[in-house]
Amino acid sequence: MTSPITSLASTPLEATLPGAAAWTGHDTRLILAALAGIAVIVLLITKLRAHPFLALAIGSGTLGLVAGMAPQKLIDSFSAGLGSTVAGVGVLIALGAMLGKLLADSGGADEIVDGILRRTGDRALPWAMTLIAVLIGLPMFFEIGLVLLIPVILLVARRSSRPLLLIAVPALAGLSVLHGLVPPHPGPLVAIDTLKADLGLTLGLGLLVAIPTVIVAGPLFARFAARWVEPAPPERLEREQTPGPGDGERGRPSFGVTVATILLPVVLMLGRAVAEIVLPKGDAVRTALEVLGTPLIALLIAVIVAMFTLGRPAGLGRGGVSSTIADSLPPIAGILLIVGAGGGFKQTLVDSGVGKVIGEAAQGANVPVLVLGWLIAVGIRLATGSATVATISAAGIAAPLAAGLSPAHVALLVLAIGAGSLFFSHVNDAGFWLVKEYLGMSVGQTIRTWSIMETIISVVAFCCVLLLGLVV
């Protein structure tokens, strides 16, 4: 009988095409072009503090010129990649931002927090904070969720007299895992688009990976982190209760309605994935679920529903809802530019021929694709500090390797890259400084807690991906 390890090596996770031994002089030039492009991106972000959009654009230009692309072809490739990526992913990011803003401005986020804490005893508080972070983190970007939850974390820790990190780490872990692994967050969406993965399948497998990862890196690790570090958070961040637009006389949506609204797009996308597996083509139910579970349709439905289920109970009115949606868009402009430039970088890799050479080299080296994707993302994450840049760049490099994989393994490759993008956040990561300042820790304390937590997330998630790779 074939062992699991042997089975792993014989699946499409590993390739058999010629490797570096068969390279020509032109192939070597293309590899050097890729290294030069990545080096320029890393240098601009880490040393010159350039915006990632500019770094990716200039890095793409460097890659193309070193690879010998004609200037006009280089411009066309970058423009085509940027346009197709924004068209495929940008609208989804915008809809996710709208849903998150409606959740915050309606008071729905506060209702989730209060609803869960009302049902929780002191001993279960770390688990409750994990659940709160997961629910709020589904539609919200990491930074927004962090700003929203920090006052709650400080308040709960003070009221319960529990160590601060016993409450904070589970919430941070929940936000971080969803940011790196689960759409509609930018990194996973771009990787799905680049690798041509099935979004519903990736979402389902991502949630399977996220559950044990959050448990290990959240409530379990929090027990150790709370013993190692006792931070002194700034008092100005604590509050008894800060009324939101949906509080006070206006009221706010109920707990059940709020949770149902947040989970609606997830259910629709998972429904599509299940229908494609269990129902035959042409079946009326499958056709309906395929339409409703299309990411654009699912998120659009969720935003429309949220206007009524979240906005109306909060008394926002038409003007209030319109203002909330408008206010959700400016903060994501930078994210859309980074995502678009990442698409341009990917297309430059493909059109220059670099992608094909890298794919053949990796395949010839007999390195499992999932391991390679994770390692590439880890390297770029450590160098640039940006999980989104790491995901975008690693997905572009690994794209040629996804061509011969099954849909399930393509989805797992997305998750492996997402896991690698979270590895060891340190001083070149904006999230590192956010956590440090909000929790009042020194650099050393932040490394012993936040950085280690991020590494645990990356390693545990990657191990879960490898285990799933043995059975799907």
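Student: At roughly what angle do the axes of helix α5 (residues 108-118) and α6 cross, and within what distance do they come?

Tutor: The α5 and α6 axes cross at roughly 155° and come within 10 Å. This is a predicted model, where local features need pLDDT of at least 70 and side-chain atom pairs count only at pLDDT 80 or more, while totals for chains, interfaces and linings use all residues. Residues are numbered from 1 along each chain as its sequence is written, and side-chain values use heavy atoms, leaving out hydrogens and water.

Student: What do axes and helices mean here?

Tutor: Axes are lines fitted to C-alpha atoms, for helices over the stretch in contact, with angles from 0 to 180 degrees between N-to-C directions. Helices are DSSP runs (H or I, at least four residues), numbered from the N terminus.

Student: Why are α5 and α6 called roughly antiparallel?

Tutor: Angles under 35 degrees count as roughly parallel, over 145 as roughly antiparallel, 65 to 115 as roughly perpendicular, and the rest as oblique. The α5 and α6 axes cross at roughly 155°, so α5 and α6 are roughly antiparallel.

Student: Which residues make that contact?

Tutor: Contact means heavy atoms within 4.5 Å. From α5 come A109, I112, V113, I116 and L117; from α6 come L125, A128, M129, L131, I132, L135 and I136. By class, the contact of α5 with α6 has 12 nonpolar, no polar and no charged residues. Ala, Val, Leu, Ile, Met, Phe, Trp, Tyr, Cys and Pro count as nonpolar; Asp, Glu, Lys and Arg as charged; the others, Gly among them, as polar.

Student: What makes α6 and α8 roughly parallel?

Tutor: Helix α6 (residues 125-137) and helix α8 (residues 164-181) have axes that come within 8 Å and cross at roughly 30°. That angle puts α6 and α8 in the roughly parallel class. Here L125, P126, M129, T130, A133, V134 and G137 of α6 meet L166, I167, P170, A171, G174, L175 and L178 of α8. The α6 contact with α8 has 11 nonpolar, 3 polar and no charged residues.

Student: Why is α7 called roughly parallel to α20?

Tutor: α7 and helix α20 (residues 430-439) pack at an angle of about 20°, with axes 11 Å apart. So α7 is roughly parallel to α20. E143, L146, V147, I150 and L154 in α7 meet L434, V435, Y438 and L439 in α20. The α7 contact with α20 divides into 8 nonpolar, no polar and 1 charged.

Student: How many aromatic pairs are there?

Tutor: Rings of Phe, Tyr and Trp (its six-membered ring) pair if their centres lie within 6.5 Å; planes under 30 degrees apart count as stacked, over 60 as edge-to-face and the rest as tilted. By this rule there are 6 aromatic pairs.

Student: Why is the pair of F142 and W450 called tilted?

Tutor: The centres lie 5.7 Å apart and the planes stand at 40°, so the F142 and W450 pair is tilted. F142 lies in helix α7 (residues 142-160) and W450 in helix α21 (residues 443-471), so the pair ties together parts 308 residues apart in sequence.

Student: Are F142 and W450 buried or exposed?

Tutor: Buried means under 20% relative accessible area, exposed over 50%, partly exposed in between (1.4 Å probe, protein chains only). F142 has 6%, so F142 is buried. W450 has 3%, so W450 is buried.

Student: What makes the pair of F432 and W433 edge-to-face?

Tutor: The F432 and W433 ring planes are at 80° and the centres 5.3 Å apart, so the pair is edge-to-face. F432, at 0%, is buried. W433, at 35%, counts as partly exposed.

Conventions: Helices (H or I, at least four residues) and strands (E, at least two) are DSSP runs, numbered from the N terminus.
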